[in-house]
Amino acid sequence: MSVQDELTFRDARPEDLAAVLFLLADDTSNAPRIAPPDPSDPRHIAALAEIDADPNNRLIVVERAGEIIGTFHLTVIPGVSLKAGRRLQVEAVRVRSDCRSAGIGRLMMRWAEDYAREKACILVQLTTDRSRDGRARKFYESLGFSASHDGMKLRLDR
């Protein structure tokens, strides 16, 4: 049985919040932003409900043998640029640390590409944090992504 055959992709449910938050905290560049992960925090519960209610948003979990080992957030963005083409924004891609380097991230991104095509998107876009060691960027480049833009953020929660 291949790794792909072992994986199930589905929308996250409220009972999955603990596993999703663990995956987000399992990333050393992200941990300070969400620590301590508390699945009972009303903000997390409300955020998942808001994602679930929006047809352009999906928080996906990846299961193997009934355990959540990966997650990513997908947002379909309609637009008037690029001949009114839709984009798929991919965020918060995480694979559990003990499951990395097994091709799971690659399968997750292929799943996202298929979803983008299903939603008539003309491109898939993502950002990767510069504070990482560069492996994520190399990974995305190996999938055909190119660093075409410089991203910028303005923190409003200070």
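I started at the helix pair: in α6, Gly 105, Arg 106 and Met 109 meet Phe 139, Tyr 140 and Ser 142 of α7. I sorted this contact by class and got three nonpolar, two polar and one charged residues. Nonpolar here covers Ala, Val, Leu, Ile, Met, Phe, Trp, Tyr, Cys and Pro; charged covers Asp, Glu, Lys and Arg; the others, Gly among them, are polar. Contact means heavy atoms within 4.5 Å.

I noted the ground rules. The model is predicted, so local features need pLDDT of at least 70 and side-chain atom pairs count only at pLDDT 80 or more, while totals for chains, interfaces and linings use all residues. Residues are numbered from 1 along each chain as its sequence is written, and side-chain values use heavy atoms, leaving out hydrogens and water.

**Helix geometry**

I looked up the axes next. Those of α6 (residues 104–118) and α7 (residues 135–142) come within 11 Å and cross at roughly 55°. α6 is therefore oblique to α7. The cut-offs are under 35 degrees for roughly parallel, over 145 for roughly antiparallel, 65 to 115 for roughly perpendicular, and oblique for the rest. The crossing is right-handed, with the near helix turned clockwise from the far one by less than a right angle. Axes are lines fitted to C-alpha atoms, for helices over the stretch in contact; angles run from 0 to 180 degrees between N-to-C directions. Helices (H or I, at least four residues) and strands (E, at least two) are DSSP runs numbered from the N terminus.

**The sheet**

I traced an open sheet of five strands, ordered β1-β2-β3-β4-β5, with mixed pairing. The twist averages 25° from one strand to the next. α6 packs on this sheet and touches β1, β2 (57–64), β3, β4 and β5, its direction making about 160° with that of β4.

I then checked pairings, which need at least two DSSP bridges between two strands. β3 (residues 67–77) and β4 (residues 86–95) are antiparallel over seven bridges. Gly 70 has Val 95 in β4 as its bridge partner. β4 and β5 (residues 121–126) run parallel, joined by five bridges. Arg 87 has Leu 123 in β5 as its bridge partner. From β4 the chain passes through α6 to β5 in a right-handed β-α-β crossover. Here right-handed means a clockwise path over the helix, with the strands pointing away from the viewer. I also found Leu 88 opposite Val 124 in β5.

**Two residues**

Which strand holds Phe 9? I found Phe 9 in β1 (residues 7–11). Its C-alpha is 9.1 Å from that of Gly 70, 61 residues apart along the chain. Neighbours within four places in sequence aside, Phe 9 contacts Ile 60, Val 61, Val 62, Phe 72, Leu 107, Met 108 and Trp 111.

I ended on Ile 122, in β5. Its C-alpha and that of Leu 82 are separated by 8.5 Å, at 40 residues apart along the chain. With neighbours within four places again left aside, Ile 122 contacts Leu 82, Gly 85 and Arg 86.
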